[in-house]
Structures are given as C-alpha cells and as structure tokens.
Amino acid sequence: MSTIGAYLRLVRAGWILLREGVIAALPVDQLEGMPRFGWRLAKLISRRRAGARDRPERLAIAVDRLGPSYVKLGQFLATRPDVVGHEMALDLASLQDRMETFPEWQARAAVEASLGAPAEKLYTGFGAPVAAASIAQVHEAKILREGEMQRVAVKIIRPGVRRRFYNDLESYFLAARLQERFIPAARRLRPVQVTETLAQTTKIEMDLRLEAAAISELHENTKDDPGFRVPWVDWRRTGRDVLTLEWIDGTKMSNIEALRIAGHDLEGLAVTLIQTFLRHTLRDGFFHADMHPGNLFVERDGTIVAVDFGIMGRVGKKERRFLAEILYGFITRDFRRVAEVHFEAGYVPAHHDVAAFAQALRAIGEPIHGQPAETISMARLLTLLFEVTELFDMQTRPELLLLQKTMVVVEGVSRTLDPHFNMWKASEPVVSEYIKANLGPRGMVTDARDGLNALVALVRQVPELAARTERLSREIESMAAHGLRLDTETAEAIGRAGARHTRFGRVALWVIAAAVFVIMWQLF
C-alpha cells in the first residue's frame, strides 16, 4: 500500500507542476516527437494566469503548494546542476525557505518533550517565533550564562515534519528508480544515489544535535581565524528537536546599504569571506555549504558570523589536493598536469587519452589568461571544468559539486560587496599556503608518516586477515564440491517478495491510469 501511496503522491506532484505551468516553462529547443507533444499538452493544461509569470515564479508557487519537503528538495537539487541543468539550478536556488509559523504552545511542548523541562524553567523571556522555515522555526529567549543574562536563539523542529518528509522521500525514491529504469541516459547521474544523499542530508537536518555538533566542530576549527567566527552552542538546552545557540546581533550581509552606512570595509569583507571559505575547505576539509547572504552577519567590529548549519560539506584529503592542483595548474597553464591529476585521482576512466583531455582543459584555461584578473570567475572555471569532464565519462562526484555550488554562492556574495573583486589575488595566499604545506617537502613528510602508520596498522591485522583467508578458502572449496544452496525459508522469502512486487506494480499502474482518467475528465 505504501507503494500505491507513493505513486499517488507523484501523480499529485506532477499535476501541480503541470497546472502551475512549470513543465510548460521548460526549454523546448531540443525536444522532438513525443516529448515535444507532451510539452504542448502541458502548455494546454497549465492555468491561464501561469503564462504571465516567469519560470522561477511558477516554480516557487508550485513548490509552495506541494509543501515543505518539496522546498527542501528544490534547494537540494539547486546544488546538483549536473542533474537538473544550470538554468534550473539557478531557479531552484531562488526558492525561499519561509513558511508559516506554528503556535507557541506547540513550540513549548516540543521543548519540554525534548529537554525534559518546561520552557519557563529553561529560559527567561521565551517569546513568539521570529522566523520559520520548512524544517524548524526560531524563537528568541534569554539564559543565564557565566553569571550574565545573554540572548539566545532557540531553534525548534516543526511538529509532524518527519512523517511528511519520510512519506515524500518514498515518492522521490520511486521517481528515481523509474528514471533509472526507463531513461538510460540518466543512469550516469545516479538518481537513486542522489536521492539517498537527499535522504541522509534531511535526516541530519532533522536531528538538531547533529547540527549542534557541526557548529561545535567548525567553532574549534575557526577559533583563531581572522575576521570570522561561529556562534557558541548551549548543549544543556539542546536535544533532538531543540537547538539553543548564541543570538547574533549584526547586519545581514544581504543588506549592502546598511553595511555601507555602518562604515564597514566592503572590499575587506569580500576578501575575508572568500579566504575564510577556502581556508575551511583546503585546511579543514569541512565547510559551511549554505553561505548565502541571508546566513551571514557582520558585527560592529567587522567580524563575519555564519548561522544555519543544517547543510555542511566535507572534502577528503585527496579531493582537497585535487582542487588545489587544479587551481594551481590553471594559474601556471600546466594543463597536462591538471589532466594527469584527474586520471591519478580516478575521476576520469583510464581508457581515455590524457593528451586529449589536456587539450579540452586548454580550451577552458587559455581564454582566462587574456582577461583582466578581476573579471575571471573561479566558480565559472569549475563549472566549465565539470562540463568538460562529462565528455570524458567522469562520474558524478557529489562532494565536489557541493563545493562548486558553495564557491559559486560565496564568490557571488564577494562580487556583490565589491564589483571589482579580484578572486585570484584574494585566494592566492590561502591556496599557496596549502600547496606549500601539502604538495611540497612538508607534504612529502606528512605523506610518508601517514603511509608508515597505514603500514603498521596493516601489519597488526595480518593474523586476522590470514584467518579470514583460510575460512574463505574452505568455503569456496565447499561450494565447488556441493554447489551454492539456499535454505527453504530463504527460497520462500524470495518467491513471496517477487510475487508481492508484481502484484503491487499492477495495482499501482491501474491506480495511475484511474487518476489520469479523472484528471482528463475534469479537463474536457
């Protein structure tokens, strides 16, 4: 029955997208045959007033009707331009995560259920909600900390949101499996794996203890960073459904005029922001992956403070070196080395030609050297790079795409602060320091030490590996002599699963057919 429910939810979502004109607003240049006919049909079905809106507005209205889980889906897909395309990713990135607030009594009940004490005992002046998003809303309160009364932000999970998300996630998985089954060209994009990433991200966002842990980790990493900090967390008043952290009293970075009136150095803020992001990425491999201007505040002394740590990115050591060597290779015009890095990392299949790949990279890099430095976009360079790698069968790398998306956003904010922002000059100190520390003599010493530690760990496991090898050898000999056998219970379970899948699949198809018939009947 859950499968039938997933089909029905997909039909409902498709109908809303059709009626709000989202499908009709998609580009039709490359469509022929049945897809083009379907697009024309979608244009007929869409509401008349939808034609007067642009595509982002149609999308925002449709997602608002579909509910908070689709807002989160849209924001997640905005980080995956490889899946939805760059234009659609920009449209999705404009979705506003602003929802109606839920009553204060429900917020107080959630505090007591999560923390084991009423809100009036934990906080002073627990007030009405000041902001609400798809997953949670924020209240202002005060607590006694280190002998002083201090303001805090109390983030509370929206009641019933988990059930809603899990139901919609089932529909997303169904759509992903259908896409992989019936659209061979989409298999390279791994839609099921993309949906699994969304599911994991959403589960993490809906456990505020994990967000608190991310804040704590980033706080430790950045405690000595110039011009940047993150809020402190009150762990005593934090649980699965409640997060209490420092209230930030500053100017939003989206309010450029207010920053200028306050006397802040906008050019300096732009440099600090990009260097901070690169420092977190290259040095720590852990970065804030939602650094839009609404999540960045500037305090009176010019310190940048980030908030909303629901989406965080991690980049492994190999990926950090990969990024640094790419940037350094393009700066020095060593396109052959950039190509070799892709092959060494295993990102491009070995059957491709390194020289041909280097030639494709040169097509990206050469035009850069004929432009003024302030007009060169590092984010645009990475976008072109990922477009080229698609031609050479590079598999989707979610962690690199999240990094690319965040870099696009951060660079955009920096250029808003300073229209003549020189990305390369600002990033050079951080990139150079990383290269000296990791690709030079110091890096070789570190690699040797890591290799020695790995070798010692392997030697310690030799007895256990030998025992496992012996057991595996005996089991292989047994299978060779007697064959692979399944017990009766396993065979019966496989048969029941196959029969159930077939039965539910047929019922679901009839339900979809009935739903389409009802829709067409209402239209005509």
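A salt bridge is a side-chain nitrogen of Lys or Arg within 4 Å of a carboxyl oxygen of Asp or Glu. By this rule, the protein holds 22 salt bridges. The model is predicted: local features need pLDDT of at least 70, side-chain atom pairs count only at pLDDT 80 or more, and totals for chains, interfaces and linings use all residues. Residues are numbered from 1 along each chain as its sequence is written, and side-chain values use heavy atoms, with hydrogens and water left out.

**The whole protein**

Of its 524 residues, 43% count as buried, where buried means under 20% relative accessible area, exposed over 50%, and partly exposed in between (1.4 Å probe, protein chains only).

Select D241 and R162 next. Their closest N and O atoms are 2.6 Å apart, and the two residues form a salt bridge. D241 lies in the loop between strand 4 (228-229) and strand 5 (242-246), whereas R162 belongs to helix 9 (residues 161-182), so the pair ties together parts that are 79 residues apart in sequence. Both D241 and R162 are buried.

D241 has a relative accessible area of 16% and is buried, while R240, at 41%, is partly exposed.

**Further charged groups**

Move to R283 and D284, a salt bridge in which the closest N and O atoms are 2.8 Å apart. R283 is partly exposed, with a relative accessible area of 37%, and D284 is also partly exposed, at 22%. Then select R336, R337, E340 and E344, which a network of salt bridges links.

**The nonpolar cores**

Finally, turn to the interior. A nonpolar core is a set of buried Ala, Val, Leu, Ile, Met, Phe, Trp, Tyr and Cys residues joined through side-chain atoms within 4.5 Å. The largest has 55 residues, and M253, L273, F277 and L417 have the most contacts inside it. Helix 13 (residues 266-284) gives the most to this core, with eight residues.

Centre the view on L417. Leaving aside residues up to four places away in sequence, L417 touches M253, I256, L259, L266, L269 and A270, a contact being heavy atoms within 4.5 Å. Apart from this core lies another, of 20 residues, among them A62, L73, M88 and V194.

Technical notes
Helices (H or I, at least four residues) and strands (E, at least two) are DSSP runs, numbered from the N terminus.
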